[in-house]
Amino acid sequence: MTDSAAPAIEVQDVCKFYLSADGRKTLALDRVNLTVKRGEFVSIIGPSGCGKTTLLKMVAGILGWDEGRISVLGAPVTGPGAERATVFQSFALLPWMTVLDNAAFGLKMRGEAKVARRRTAQTLLDKVGLGDFASAYPGELSGGMQQRVGLARALAVSPDILLMDEPFSAIDAQTRLILQTELLNIWSGSDLSVLFITHAMDEAVFLSDRVVIMGARPGHVTDIIEIDLPRPRTEETRKEPRFVELTAMVWDRLRGMIADEHTGEAA
Ligand SMILES: Nc1ncnc2c1ncn2[C@@H]1O[C@H](COP(=O)(O)OP(=O)(O)OP(=O)(O)O)[C@@H](O)[C@H]1O
């Protein structure tokens, strides 16, 4: 059961420990709180190892936690669910399947009939600009095109919530800018709530309503920055003084933590 008034994602006082090979318990996330409202686009940025992927996997329902509560659409997370879809950095496409069957894969897992799932997948491939590549194989596509297939596959299952773990980080810089705009176009015409992990400050600012900054050792939320840039955002947005200012603000908040991390490494 979902609650129509509840936020899309609610993380309350969540702690996560990992067990190291020698049996020691390490605190990976320390009392993390995070809310993503319905229809909101929220990015998480933070130094390597601060627990961004751990948090996303917990919201996806593929990793447990030790303390606190996580709910989506008002219902406690107890595992993966039909209302959430995930896009990973690694594309995670099946190389022996055509682009169409890759895009239809989530629907196949849900038991949808072949004709219906292929029809839906074709619609989504058209939406991400790959309509003509349905019968190609992933190995024949560029990285940017493969990630478009990953996005089509995630959207094909009509999720309420899209969880994206550095989806554009393996893609060249120019294509990345184009994919950011395409993602915003898809999101703005939908009711999707998005939780997006990135290392790129300009990407976080360009895409988001709010940017959540995390610190490491143990992972915790240090800041939340409201991104008050008007929408729709376009290539012109990137040239606006406020865009530059917000990107600098994110860097200011991150810089100290990253400097500490390098000092720690050198010691
Ligand atoms: N399976 C695991 N077993 C033990 N420790 C783990 C495991 N997975 C992650 N960790 C540790 O938990 C912490 C958080 O890892 P996580 O991958 O969530 O960070 P991250 O912020 O996503 O990093 P990156 O930006 O480098 O992808 C790190 O210190 C990592 O070494």
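Modeller: A polar contact is a pair of N or O atoms within 3.5 Å. The model discussed here is predicted.

Colleague: How far does a backbone N or O atom of Thr53 lie from an oxygen atom of the ligand?

Modeller: The cut-off for a polar contact is 3.5 Å. A backbone N or O atom of Thr53 and an oxygen atom of the ligand form such a pair, and their separation is 2.9 Å.

Colleague: How much of the ligand's accessible area does the protein cover?

Modeller: On its own, the ligand has 640 Å² of accessible area.

Colleague: Which helix supplies the largest share of the shell around the ligand?

Modeller: The residues around the ligand include Lys52, Thr53 and Thr54. The largest share of the shell is 3 residues, and it comes from the helix spanning residues 52–60, α1.

Colleague: How many charged residues does the shell around the ligand have?

Modeller: Among the residues around the ligand are Lys52 and Glu166. By class, the shell has 4 nonpolar residues and 6 polar ones, and the number of charged residues is 2.

Colleague: Which helix gives the largest share of the lining of the largest cavity?

Modeller: The search of the whole structure finds 1 cavity of 30 Å³ or more. Its lining takes at least two residues each from α5 (143–156) and α6 (173–188). The largest share, 4 residues, comes from α6.

Definitions and conventions: Residues are numbered from 1 along each chain as its sequence is written. This is a predicted model: local features need pLDDT of at least 70, side-chain atom pairs count only at pLDDT 80 or more; totals for chains, interfaces and linings use all residues. Side-chain values use heavy atoms; hydrogens and water are left out. A residue is near a molecule or strand if one of its heavy atoms lies within 4 Å of it. A polar contact is a pair of N or O atoms within 3.5 Å; within protein, one must be able to donate a hydrogen and the other to accept it, and residues adjacent in sequence count only if both atoms are side-chain atoms. Accessible areas come from the Shrake-Rupley method with a 1.4 Å probe; for residues, only the protein chains shown count as cover. Ala, Val, Leu, Ile, Met, Phe, Trp, Tyr, Cys and Pro count as nonpolar, Asp, Glu, Lys and Arg as charged, and the others, Gly among them, as polar. On a 1 Å grid over the protein atoms alone, a cavity is a set of points where a 1.4 Å probe fits but cannot get out, and a pocket is an open set with protein on both sides within 12 Å along at least five of seven lines; lining residues have an atom within 4 Å of a point. Grid points are joined across faces, edges and corners, and a volume is the space filled by probe spheres set on the points.
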